Amino acid sequence: MRHRGSSSGPWLSGQRYVTTMDVILLFFTGHVCDETVGLVAADANIKHNILRTSLEKALPPVYGDRIQLQQVLLNLLSNSFDAMETTRDFREVLISTVRLDAAMIKVSVRDSGPGIPVQDIPRLFTRFFTSKPDGLGMGLPISRSIIETHGGALMVENNPDNGATFSFTLPVPPGGAA
Ligand SMILES: Nc1ncnc2c1ncn2[C@@H]1O[C@H](COP(=O)(O)OP(=O)(O)O)[C@@H](O)[C@H]1O
Ligand SMILES: [Mg+2]
C-alpha cells in the first residue's frame, strides 16, 4: 500500500477534495467483481435477474481505490436492473473481465434490457440526465469521473441483439505482466 502526501490534490470551497489517488491500493479486479456480485445477489434474486460472471484468469492486479471501483460496478448493475424491469423473458446481466493488451484491462457489464435510445447516448454521461421518474442522473457522470481519475475510460454501446453494454478500461501498472 502506498500513501501519498495529503498536501497534494485540488481544494474545493476551502475543504480538501479527496481524490481517488490519495490512497493507492493494489487490487485484483476479479475479487472486486466477485465482492460486488455478492452485494447485489439477493436483489438480483428478488427481481428474477440472472447474474453471471466471466472473469479472465490471471488478470494482472491494477492500482486504484477498490471501494470507488466497486461503486462504479454497483451503479452499472443498478442501472441494468432498472432497465430490465420491463423485460419479460430473459433478464440476464453478464459481468466480464478481459485483458485488452499489455497496458489495459477491460471490465464490461452487459444486460438484456431494452438498450438505450440512440438519441439519448450523447447525453447519458451528462449530470442530471435521467429517464426515471425518481432518478438523479448522477450515477453515470460520477462513474465516468472515477474511471477517468484511474486513467481509464467508460463507454457504452447497444448490443446487436438486445440490451446495452457498459465497459470501462483500467491501466495495468508497468511490469504488471499476467
Ligand atoms: N443499462 C441501461 N440500459 C438502458 N438505459 C440505461 C442503462 N444505464 C443507464 N441508462 C440510462 O442512463 C440514464 C442515466 O443513468 P444514471 O446516471 O445512472 O442516472 P439514474 O440511474 O439516476 O437515472 C438512466 O436514467 C437511463 O435512461
Ligand atoms: Mg443510475
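Which residue in strand 8 does Val98 stand opposite? Val98 stands opposite Lys106. This is a predicted model, in which local features need pLDDT of at least 70 and side-chain atom pairs count only at pLDDT 80 or more, while totals for chains, interfaces and linings use all residues. Residues are numbered from 1 along each chain as its sequence is written, and chains are lettered from A and ligands numbered from 1 in the order in which they are written. The protein has 3 helices and 10 strands. Helices (H or I, at least four residues) and strands (E, at least two) are DSSP runs, numbered from the N terminus.

**Overall layout**

- Along the sequence, the elements follow the pattern β-β-β-β-α-β-β-α-β-β-α-β-β.
- Of the 178 residues in the protein, 26% are buried. A residue is buried if 20 or more other C-beta atoms lie within 10 Å of its own, exposed if 12 or fewer, and partly exposed in between, with C-beta atoms placed from the backbone.
- Among contacts between residues at least 6 apart in sequence, 67% join residues at least 24 apart. Two residues are in contact if their C-beta atoms, placed from the backbone, lie within 7 Å.

**Confidence**

- The average pLDDT of the protein is 87, and 85% of the residues score at least 70. pLDDT is the predictor's confidence in each residue, from 0 to 100.
- Confidence is lowest in strand 2 (residues 11-12), at a mean of 38, and highest in strand 9 (residues 154-158), at 98.
- Over residues 1-18 the pLDDT is below 50, and this stretch has 16 contacts in the model beyond near neighbours in sequence.
- Where pLDDT is low, the predicted coordinates should not be read in detail.

**Strand pairing**

- Strand 5 (residues 50-55) pairs with strand 7 (residues 92-99) in the parallel sense, over 6 bridges. Two strands pair if DSSP finds at least two bridges between them.
- Thr53 has Ile95 of strand 7 as its bridge partner.
- Strand 7 also runs antiparallel to strand 8 (residues 104-111), joined to it by 7 bridges. These two strands form a hairpin with 4 residues between them.
- Strand 9 and strand 10 pair in the antiparallel sense over 5 bridges. Here Leu154 has Phe168 of strand 10 as its bridge partner.
- The hairpin of strand 9 and strand 10 has 5 residues between the strands, and its Gly163 takes a positive phi near 85 degrees.

**Nonpolar core**

- The largest nonpolar core has 25 residues. Such a core is a set of buried Ala, Val, Leu, Ile, Met, Phe, Trp, Tyr and Cys residues joined through C-beta atoms within 7 Å.
- Val72, Leu73, Leu76, Leu77, Val109 and Phe168 have the most contacts inside this core.
- At least two core residues each come from helix 1 (29-46), helix 2, strand 7, strand 8, helix 3 and strand 10 (164-171). Helix 2 gives the most, with 7 residues.
- Leaving aside neighbours within four places in sequence, Leu77 is in contact with Val40, Val93 and Val109.

**Helix 1**

- Val37 is found in helix 1. Val37 counts as partly exposed because it has 18 C-beta neighbours inside 10 Å.
- Leaving aside neighbours within four places in sequence, Val37 contacts Leu51, Thr53 and Ile95.
- His31 counts as exposed because it has 12 C-beta neighbours inside 10 Å.
- His31 and Leu55 are 24 residues apart along the chain, and their C-alpha atoms are separated by 9.6 Å.

**Ligand 1**

- The shell around ligand 1 holds 19 residues, of which Asn79, Thr130, Ser131, Gly135 and Gly139 are the closest. A residue is near a molecule if its C-beta atom, placed from the backbone, lies within 6 Å of it.
- Helix 2 (66-83) and helix 3 (139-149) are the elements that give two or more residues to this shell. Helix 2 gives the most, with 4 residues.
- The shell divides into 8 nonpolar, 9 polar and 2 charged residues. Ala, Val, Leu, Ile, Met, Phe, Trp, Tyr, Cys and Pro count as nonpolar, Asp, Glu, Lys and Arg as charged, and the others, Gly among them, as polar.

**Positive phi in loops**

- His48 lies in the loop between helix 1 and strand 5, and its phi is near 60 degrees, a positive value in a residue other than glycine.
- Phe128 lies in the loop between strand 8 and helix 3, with a positive phi near 70 degrees.
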